[in-house]
Amino acid sequence: MALFQTQIASHVLTIVSAMPSFHATSPYISLLNSSLKTHQQNQLFLTKNTPFTLTTQPRKLLCRPPHGKHVKDDYLVKKLSAQELQELVKGVRNVPLVIDFYATWCGPCILMAQELEMLAVEYESKAMIVKVDTDDEYEFAHDMQVRGLPTLFFISPDPSKEAIRTEGLIPIQMMRDIIDNDM
Amino acid sequence: MNLQALSPCTFRVSPFISPPKTSRHRSVIRARVEPSEKSVEIMRKFSEQYARKSGTYFCVDKGVTSVVIKGLAEHKDSLGAPLCPCRHYDDKHAEAGQGFWNCPCVPMRERKECHCMLFLTPDNDFAGQDQTISTDEIKASTANL
């Protein structure tokens, strides 16, 4: 099995962040909560056309649609297992890969996840952003020498370029700069 | 923006697939279950008290504070000590016994550096005005996790 080390450069530049010195905007958590809410229509019978329906015919709902608050599939940043990530890295890539190591109860990881979702929207197919739960992939996180959380790895599609590793919450602009300039 | 690029001291990234040279017997703690309400309450009160004592403030986003408090509570339940939830450890039990990363961790006690963003000095841009957080706020902020 090909070793991951052959896929990336032999040197990794590590950037350790201090507390970022920029103004906090509106609370991130409330923004995320609002994006998770789905519009619920508590109707069991024929419904009239509403701005939220795509069809022009009235729809007959036989049962209440399921609540969407536990649905995670609409996140752009996908959670991968160690095995899936290894296959992704070994495969052919044309875009930079950003790997976010996080933990369930790490506060800054929540802020970082929101920043990465915004980044995923901005970059769409021009960058690949994934995340790894260090509580699930304990051995893998150990092998990658993850210590502080969140830890980001930026891996260029060019194997001759250095991979970049950051620790702690970093501003979204820094992530853009790394992807645009160093990948 | 204070950043330190650690070059030329660079790190060689270990291969993804490297079987450990020595077998390690380590109990793996998974943070999957919710912490007990009692522990959350204990860590909530501790956080308020320590913020007052250290002259630090909670994050403007109370969701961050809530998640960290729950993380501390979860570690208190599973390990017996509130190990910092914003780090990855080789052996959580050993680290909890050793104490460096037990909240308040040594960097916090010595330099008021809390990378969990639980205790923020007033000059930090993320610092709010509060040194208190209620149980309801914690529940509401972490309801969707």
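Let's start with a pair of charged side chains: B:Glu48 and B:Arg44 meet in a salt bridge, with N and O 3.2 Å apart. Keep in mind that this is a predicted model. Where do B:Glu48 and B:Arg44 sit relative to one another? They are four residues apart in helix H1 of chain B, so about one helical turn separates them. Both B:Glu48 and B:Arg44 are buried.

B:Glu41 forms a salt bridge with B:Arg44, and here the closest N and O atoms are 2.7 Å apart. Again the two residues lie in helix H1 (residues 37-54) of chain B, this time three residues apart, which is about one turn of the helix. B:Glu41 has a relative accessibility of 24%, so it counts as partly exposed.

## A salt bridge across chain A

How many salt bridges are there over all chains? The count comes to 14. One of them is in chain A, where the side chains of A:Glu122 and A:Arg176 meet at 2.7 Å, N to O. A:Glu122 belongs to helix H3 (residues 107-123) of chain A and A:Arg176 to helix H5 (residues 172-182) of chain A, so this pair ties together parts that are 54 residues apart in sequence. A:Glu122 is partly exposed, because its relative accessible area is 38%.

In general, side chains of opposite charge can pair when their charged atoms come close.

## A buried arginine with no salt bridge

Now for an arginine with no such partner. A:Arg93 sits in the loop between helix H2 (82-90) and strand E3 (97-102) of chain A. A:Arg93 is buried yet has no salt bridge. Which side chain of opposite charge is nearest to A:Arg93? That is A:Asp158, 9.7 Å away, while the cut-off for a salt bridge is within 4 Å.

What A:Arg93 does have is backbone oxygens to reach for. A polar atom of its side chain lies 3.2 Å from the backbone oxygen of A:Val95, and the side chain of A:Arg93 also reaches the backbone oxygen of A:Ile155 at 3.4 Å. Leaving aside residues up to four places away in sequence, A:Arg93 touches A:Leu88, A:Met128, A:Ile155, A:Ser156 and A:Pro157.

Over all chains, the structure holds two disulfides. In chain A, a disulfide joins A:Cys106 to A:Cys109, with 2.4 Å from S to S. This link is right-handed, with 80° about the S-S bond. A:Cys106 and A:Cys109 are both buried.

In chain B, B:Cys86 and B:Cys116 form a disulfide, with their sulfur atoms 2.4 Å apart. Why is this disulfide right-handed? Because the torsion about the S-S bond of B:Cys86 and B:Cys116 is about 130°. The pair links distant parts of the chain, 30 residues apart: B:Cys86 is in the loop between helix H2 (62-79) and helix H3 (92-98) of chain B, and B:Cys116 is in the loop between helix H4 (106-111) and helix H5 (135-141) of chain B. Both B:Cys86 and B:Cys116 are buried.

Then there are cysteines left without a bond. The sulfur of B:Cys103 has its closest cysteine sulfur in B:Cys114, but the gap is 6.5 Å, which is too far for a bond. B:Cys103 counts as buried, because its relative accessibility is 17%. B:Cys105 is in no disulfide either, as the nearest cysteine sulfur, that of B:Cys84, is 5.9 Å away. B:Cys105 is buried too, with a relative accessible area of 8%.

## Chain B as a whole

Stepping back, chain B has five helices and one strand, and from the N terminus on its elements run β-α-α-α-α-α. Of its 145 residues, 49% count as buried. Chain B exposes about 7,400 Å², and carbon and sulfur atoms supply 51% of that.

What about contacts between residues at least 6 apart in the sequence of chain B? Of these, 66% join residues at least 24 apart.

Note on methods
Residues numbered from 1 in each chain as written. Chains lettered and ligands numbered in written order. Predicted model: local features only at pLDDT ≥ 70, side-chain atom pairs only at ≥ 80, totals over all residues. Heavy atoms only, no water. Disulfide = S-S within 2.5 Å. Buried < 20%, exposed > 50% of the residue type's maximum accessible area, 1.4 Å probe, protein only. Contact = heavy atoms within 4.5 Å. Areas by Shrake-Rupley, 256 points an atom, 1.4 Å probe, with all protein chains shown as cover. Lys, Arg positive; Asp, Glu negative; His and termini not counted. Polar contact = N/O pair within 3.5 Å; in protein donor to acceptor, adjacent residues only side chain to side chain.
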